[in-house]
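Please study the sequence and the structure before reading each solution.

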Amino acid sequence: MVSITCYGGVDEIGGNKIIVRDGDTRFSFDFGTSFKRRHDYFEEYLKPRPGVGLRDVLYMDLLPRLEGIYRHDLVSRADFWSQWRAAPDYRRLTLDGVLLSHAHLDHSGYISFLDPEIPIYSTVMTAFISKAMQDSGQADFESEVCYANLRKLDKGVLRSAKISKQRPFVFVDGMPGSGTASSFWNRLPAKTKEFQLTTNASPPDKIGSLPLRHLPVDHSIYGATAFAVQTSEGWLGYTGDLRLHGGDQEETRRFTAEMRKKSPLALICEGTRAGDASGASEADVYENALREVRQARSLVVADFGARNVERLVTFLGIARETGRKLVVLGKDAYLLEAMHLASLQRVPDIRSCPDILVYEAPKAAVRPWERELRERYASRVVGANDVRQQQGECILCFSFWDANDLIDIEPEEGVYIYSSSEAYSEEQEMDLRRLRNWLKHLDMRFVGDPEGGDQRFHSSGHASGPDLLEIVRTIGPRILVPIHTEDAQYFVTNLRSEGIDVRVPRWGEEMVLQS
Ligand SMILES: [Zn+2]
C-alpha cells in the first residue's frame, strides 16, 4: 500500500512535511518550518524553549507526534514519549531519508529536530546554501539544518553538550570536485575542527528500496529540484516550489516533460499563486530598477534576499551600467562564496568582482567566520562613513532588518527599492508597515511597495495560476494533491472535469494512493 500524510503545507504556504510510505520504505518530501502555525503562538521574543527540547514544538502542534524520527538529545526524560501516546496523530515511525527540494526554511527548517542519523537528499547547491545560512546565522535550535548542536540533560534542563553532529547529506547531483568545496562543507565555523564525514561518491538512484530521480526546476533560489519516486503503485512526483517564467524555465519544462513520460500515478504540486495572473519577469525587474537607479541622485537601497542570485546578478548589472558599486552584507558575501563553490559556472566568484564591496556593520562581537571574511576582502570592506560619503556611488543591499544601519549612513534623498516577495503573513505585513515608517522618518522614497500592488521590482519564485494548470495538464497525473497553498479549490475547480482526481489533503490524515 502506498500512502502520503501531510504534516504541513495544508491550507498554508510552506511548512511542507509529506511522509510517504510504501512497504518498508518511508521517507519525507521536505521537512519545513510551518511559519503560519508557529506565528499563531510564537514570535521573536516568545520562542520554543531549547532547554525543554522537543516539548514545546510537540505540545503546540508545530510537529507531529512521531516517535522514532526526532533527535534523542532533545528529549528531557526517559519516559518522554509516554505522554504523547494517546494523541490522535501519535505513531511510531522510522525514515529512510528526507528528499529536500530547496533551501528555503519553509521546506528545510524543521530538519533541525530530526534524528541526525537520517540522511538528507538534496542538491549540492541546496546543501551549501543551507550550511552558509546556518554558519552565519544566530545559533538557534530551530535552524540546525546541516549540523545538530547536541544537548545533554543537566539537572532537568537540556544544555549544550558542545558537540556538533553533521547530518549525512546525500548529494543527488554528485559531489563537487574541488577540495575547497569539501573543506567548506566539513568545517564547523566556530572551531578549527572539521567534521570527518564522507559523502556519497555518486548520485543515489534509490530512496529506501524505491527508484528515485531528481529533476531540477526553476525557482527563486538556485539548487531547487523536484523529485520522482517509483512506488509499487506507479510514479509519484513532487514539485517542491517552481515557476515557468524565470531564467531556468527550461528546467521546469524538462521536469514536466520527464514526468509526463512516466505517466505518474500522482503529483504533489505547489499552489502558492493559484488563481494569480502572471507578473513581472526578471527582465522587467532589470528594466524597471535600472530606470529608478538612473534617476536616483543619491543612495539606492535594494531590498532582496541574496539567496536569490538571479536578483543579485540583476542589481550587479544595474550597478555596472550606472557606475555604482554593489555593497553587500558580510553574511551575503559568505553565502555567495559558498554558492560559488557549489557551482563555479553559475554563481559569480566575488573575489573577481571588484565592484562588489562588503559592508562592515558596527558589531560588539565579530564571529570567526566574519573576521576571516573581512580579512579576505580587506581592501573592499566599507563602513557607514564610507557609504555616507559616496551615497551616489552605491547600491546598498539591505533589508528591513538592517534599518538601524541606515541611521549611521544618514541617507540624503535616498531611494529604497523593494524587490522582494509580497507579504504572505500578518508578521510580514507588520514588518512592511514598520519599514514604511522607517523610510518616512529617514525621508527616503519607497518604490515597489507591495501594498499598493506595485509588482514592477519583483519577479515571483512561484508559477502563476495559469502556469500551474499548464504544468499539471502537461504531466497528466491520475491523482493531484495540491500543497503549499491557501487556495486548493483552484485546482479542484479547474481540473476536476478533465479526469484528474484532485485530492485536497488534510493535516495528519493518511491518504492512500491506488492505481
Ligand atoms: Zn521556496
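**Exercise 1.** Determine which residues are linked into a cluster by ring pairs.

*Solution.* Begin with the criterion: rings of Phe, Tyr and Trp (its six-membered ring) pair if their centres lie within 6.5 Å, and planes under 30 degrees apart count as stacked, over 60 as edge-to-face and the rest as tilted. The cluster joined in this way consists of Phe128, Phe169, Phe171, Phe184, Trp185, Tyr334 and Trp369. The model is a predicted one, in which local features need pLDDT of at least 70, side-chain atom pairs count only at pLDDT 80 or more, and totals for chains, interfaces and linings use all residues. Residues are numbered from 1 along each chain as its sequence is written, and side-chain values use heavy atoms, with hydrogens and water left out.

**Exercise 2.** State how many aromatic pairs the structure holds, and describe the pair of Phe171 and Trp185.

*Solution.* The structure holds 22 aromatic pairs.

**Exercise 3.** Decide whether Phe171 is buried or exposed.

*Solution.* Buried means under 20% relative accessible area, exposed over 50%, and partly exposed in between (1.4 Å probe, protein chains only). Phe171 has a relative accessible area of 0%, and is therefore buried. Trp185, at 1% relative accessibility, is also buried.
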